Amino acid sequence: MHDMDGLPLGQRRAVMFCLLLGSVLSNLDAAIANIALPTIAHDLRASSAATVWVVNAYQLAVAISLLPIAALGEIIGLKKVYTFGIVVFTLGSLACAMSPNLSVLIAARALQGVGGASLAALGPALVRVSFPRRMIGGGLANLALAVAVSAAVGPTIAAFILSIATWPWLFLVNLPVGLLAIPLFLANAPHQPGDGRPLDMLGSALNAVALGLVVIGVAELGSSHKTLAVVEIVLGALGFLLLIRQQSGRPNPLLPLDLMRIPVFALSAVTSACSYAAQILAYVSLPFLFQTVMHKSAVETGLLVTPWPVLVAIAAPISGKLSARYPASALGSMGMVALTLGLVAMALLPDNPSTLDIAWRMALCGLGFGFFQTPNNMAMMTAGPVNRASAASGMLAFVRTIGWSVGSAAVALIFDAWGAAGSSICLAVGAGFAGFGVLTSLARAFGRKAS
């Protein structure tokens with residue numbers, strides 16, 4: 001029923017408000033923790049290398065939880081699992097703020113990551129079951145907007161909080177938001193009974209081992225343990241192959257191979273992974289390009305990066321409205337072409353570029369990414385049956401993680417070989433990923449005809 005008609009307007013707005021709060025919470029928290037690492041290391045008398053696990057533990061918990069949580073959304077219902085996510089994220093935030101030492105803080109961040117995975121994995125699925133089909137693109141655009149705004153303002157908010165308060169307040173600010181969202185969501189979210197099947201424990205374990213090894217290996221590529229990092233990534237890739245084999249032939253697989261057999265879904269997933277690999281290659285390398293190569297200040301760097309998320313925020317709602325009328329293969333391909341051209345232009349920056357030289361290139365990247373994201377997400381969310389919306393939503397977050405991991409690995413290897421001078425190479429490689437994404441995006445027009 002919800003897939004055809006959606007919820008009544010007031011109820012739908014309340015659910016969307018909660019989904020936006022959840023998206024802002026999880027993405028903002030991921031962004032602000034990086035800024036606070038030096039302060040946390042000083043206050044808790046910990047080494048920089050150990051303190052990095054405040055970020056790594058969150059990312060690791062998110063990565064290994066996405067697919068099992070998406071499966072639980074089908075097993076016991078989206079409403080129950082998303083509520084669980086808000087509660088766990090809020091409790092994890094409180095535990096972070098009250099942590100007496102680094103070990104407890106890292107454990108609390110892992111708990112937060114499980115909650116964050118619930119919010120990331122199920123948000124798009126709840127949009128699908130809450131909105132009329134013609135409005136799904138608009139709902140997904142709102143989520144994309146929340147992510148873009150969080151990424152844009154996260155460092156600024158973190159710097160402001162740290163200027164007037166201690167680091168625990170970075171986490172305490174989540175509490176009132178969580179306490180507002182929990183009852184509002186429970187009162188308005190659609191109730192859909194789960195199918196009651198048992199959770200695939202072996203698949204969940206293989207997923208955790210495979211993704212865990214890949215995420216840890218990528219994080220260590222830039223350290224002195226490169227050989228160990230490569231071994232971890234290879235073992236993770238082998239674990240992923242075992243997961244695919246174990247999932248083959250299952251009726252509702254944890255890793256949604258049934259959805260990957262739908263050409264439009266599979267091509268959209270590959271295109272999404274390419275876009276996020278390109279994005280992370282740019283996001284990580286640009287601060288080095290601006291500060292180390294061009295000798296810009298931290299404030300100038302922040303301002304130069306800003307056009308990207310701002311244009312994402314502007315483009316996402318526009319592409320959301322257009323996605324109800326035009327196919328994702330057309331809209332998404334246009335966005336990926338713009339992203340590719342923007343990254344090529346950034347890689348070919350002159351030696352002493354003006355602010356305008358940088359700004360229009362960054363704006364073109366943001367415009368392309370924002371224009372691509374919503375139609376692509378909608379293609380993934382609507383390609384399969386509504387009873388697999390949770391699996392599609394989890395896969396959407398899963399391919400984002402894969403794209404970021406591949407892009408991060410590429411950055412680490414390039415910087416290891418060329419240092420900060422490799423920034424332009426990172427941008428060129430990012431353009432290569434985006435260019436391949438153009439091809440897979442265009443192929444959806446043929447995939448749709450074939451299906």
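An axis here is a line fitted to C-alpha atoms, for helices over the stretch in contact, and angles run from 0 to 180 degrees between N-to-C directions. Helices are DSSP runs (H or I, at least four residues), numbered from the N terminus. This is a predicted model, in which local features need pLDDT of at least 70 and side-chain atom pairs count only at pLDDT 80 or more, while totals for chains, interfaces and linings use all residues. Residues are numbered from 1 along each chain as its sequence is written, and side-chain values use heavy atoms, with hydrogens and water left out.

**First stop: α10 and α11**

Select residues 201–220, helix α10, and residues 226–247, helix α11. Their axes come within 7 Å and cross at roughly 155 degrees. The two helices α10 and α11 are therefore roughly antiparallel to each other (angles over 145 degrees count as roughly antiparallel). The crossing of α10 with α11 is left-handed, that is, the near helix is turned anticlockwise from the far one by less than a right angle, whereas clockwise would be right-handed. By class, the contact of α10 with α11 holds 15 nonpolar, 7 polar and 2 charged residues. Here Ala, Val, Leu, Ile, Met, Phe, Trp, Tyr, Cys and Pro count as nonpolar, Asp, Glu, Lys and Arg as charged, and the others, Gly among them, as polar.

Now select serine 223, in the loop between α10 and α11. Is serine 223 buried, partly exposed or exposed? Serine 223 is partly exposed, with a relative accessible area of 24% (buried means under 20% relative accessible area, exposed over 50%, partly exposed in between, with a 1.4 Å probe and protein chains only).

**Second stop: α7 and its partners**

Select α6 (residues 102–130) and α7 (residues 136–164), which pack at an angle of about 155 degrees with their axes 9 Å apart. Helices α6 and α7 are therefore roughly antiparallel to each other, and their crossing is right-handed. In contact (heavy atoms within 4.5 Å) are Gly123, Pro124, Val127 and Arg128 of α6 with Ile136, Gly139, Leu140 and Leu143 of α7. These residues divide into 5 nonpolar, 2 polar and 1 charged.

The contact of α2 with α7 has 17 nonpolar, 7 polar and no charged residues.

At 78% relative accessibility, arginine 45 counts as exposed.

Next, select histidine 295, in the loop between α13 (263–293) and α14 (298–305). Histidine 295 has a positive phi of about 60 degrees and is not a glycine; it is exposed, with a relative accessible area of 65%.

**Last stop: α17**

Finally, select helix α17, residues 355–382. Of its 28 residues, 21 are buried, so α17 is largely enclosed by the rest of the structure.

Note on methods. Parallel < 35°, antiparallel > 145°, perpendicular 65-115°, else oblique. Expected span 1.5 Å × (residues − 1).
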